[in-house]
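Colleague: I'd like to know where the labels on this model come from. Can you take me through them one at a time?

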Amino acid sequence: MSNEDITLTAGDAEVTVAPGNGGRVSGLRVGGAQLLRQGDRFGCFPMVPWCGRVRDGRFRDGAVVQQMPLNSPPHAIHGTVRDGAWRIARATTDEAVITYDLVDPWPYPGRVTQVVSLTEDALTLTMAVETYDSSFPAQIGWHPWFNRNLGAEDVLLDFAPAWQEERGEDHLPTGKRIDPAPGPWDDCFGMPGGVDVTLTWPGQLQLTVSSREEWVVVYDEQEAAVCVEPQTGPPDGLNSLPRLVTPLEPLEATTTWAWRRLSAV
């Protein structure tokens, strides 16, 4: 199938998936209100095979040190799949399945599958990384850019993390866990019971980002949008907390965004 944009609908919710632009969800409308920042770099893109920054673009796999391109010097950031074109495996009215075969600069063969499922009041994103060859470390995450303002008051964030990863001057975790500090944030938080972050546009809409994963990066330093990024490990996790993809055990993760109206949007 081609990699043309896919439109999913359920009730008055509409999702646009852009396989040709990094497999991202490029739009989410609820009752006509666009919740995601628009633009080729925005929407919600998948972070695979790593999330956030990798220090100096290097990670170790056993005795081998792998070097990734420094696309956010001096680090590598957000994986490689957001830069490629995905293939459409299946698409219906309310669900799309897209795939991406890992290629250079990632040094290991593998396949990423993303399932985008829409209901009248929720969007569920599921990803899996598989290999049929050599095992390798990897991470999965999502990087949504939620519009800060839907035409009335700015969005409010509510979450109760168990800890915050102390951030060094290089924007990477130092390895020390600290008590959660007030924003603005470009920080990683731990939620051992699973990611649970609520965004409220007062008088308009409330949306909860949830995942069984325990890591979430919150970024709200830009005027136009805020990011709530569930992921399978912290930034630089290929070095500090690698998850191994093997021929027998893929790496899988899911996030759900569930919403309810506070009034007519």
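**Labels and what backs them**

Modeller: Let's begin with Y108, which is buried at a relative accessible area of 8%.

Colleague: Why is Y108 called buried?

Modeller: Buried means under 20% relative accessible area, exposed means over 50%, and partly exposed is in between, with a 1.4 Å probe and protein chains only. Y108 has 8%, so the buried label applies. F136 is buried too, because its value is 0%.

Colleague: And what sort of model is this?

Modeller: It's a predicted model: local features need pLDDT of at least 70, side-chain atom pairs count only at pLDDT 80 or more, and totals for chains, interfaces and linings use all residues. Residues are numbered from 1 along each chain as its sequence is written, and side-chain values use heavy atoms, leaving out hydrogens and water.

Colleague: Which residues do ring pairs link into a cluster with Y108 and F136?

Modeller: W50, F59 and W106 are linked with them. The whole structure has 13 aromatic pairs.

Colleague: What makes F146 and W257 edge-to-face?

Modeller: Their centres are 5.0 Å apart and the planes make 65°. F146 lies in strand 15 (residues 141–147) and W257 in strand 25 (residues 251–261), so this pair ties together parts 111 residues apart in sequence. Both residues are buried.

Colleague: Where do F146 and W257 stand in the largest nonpolar core?

Modeller: A nonpolar core is a set of buried Ala, Val, Leu, Ile, Met, Phe, Trp, Tyr and Cys residues joined through side-chain atoms within 4.5 Å. The largest has 62 residues, and F146 and W257 have the most contacts inside it. Apart from it lies another core of eight residues, among them F45, C51, A225 and C227.

Colleague: How do you know that R37 sits over the ring of F42?

Modeller: The rule asks for NZ of Lys or CZ of Arg within 6 Å of the ring centre and within 35 degrees of the ring normal. The charged end of R37 is 3.8 Å from the centre of the F42 ring. R82 lies over the face of F45, at 5.2 Å from the ring centre.

Colleague: R82 again: which residues does I77 touch?

Modeller: R82 is one of them, along with W50, G52, R53, N71 and S72, not counting residues up to four places away in sequence; contact means heavy atoms within 4.5 Å. I77 lies in strand 9 (residues 76–77) and is buried, because its relative accessible area is 10%.

Colleague: Why is the chain called as compact as a globular protein of its length?

Modeller: The radius of gyration is taken over C-alpha atoms, and the globule rule is 2.2 Å times the number of residues to the power 0.38. The chain has one helix and 25 strands. Its radius of gyration is 18 Å, close to the 18 Å the rule gives for 265 residues, so the description holds.

Technical notes. Helices (H or I, at least four residues) and strands (E, at least two) are DSSP runs, numbered from the N terminus. Rings of Phe, Tyr and Trp (its six-membered ring) pair if their centres lie within 6.5 Å; planes under 30 degrees apart count as stacked, over 60 as edge-to-face and the rest as tilted.
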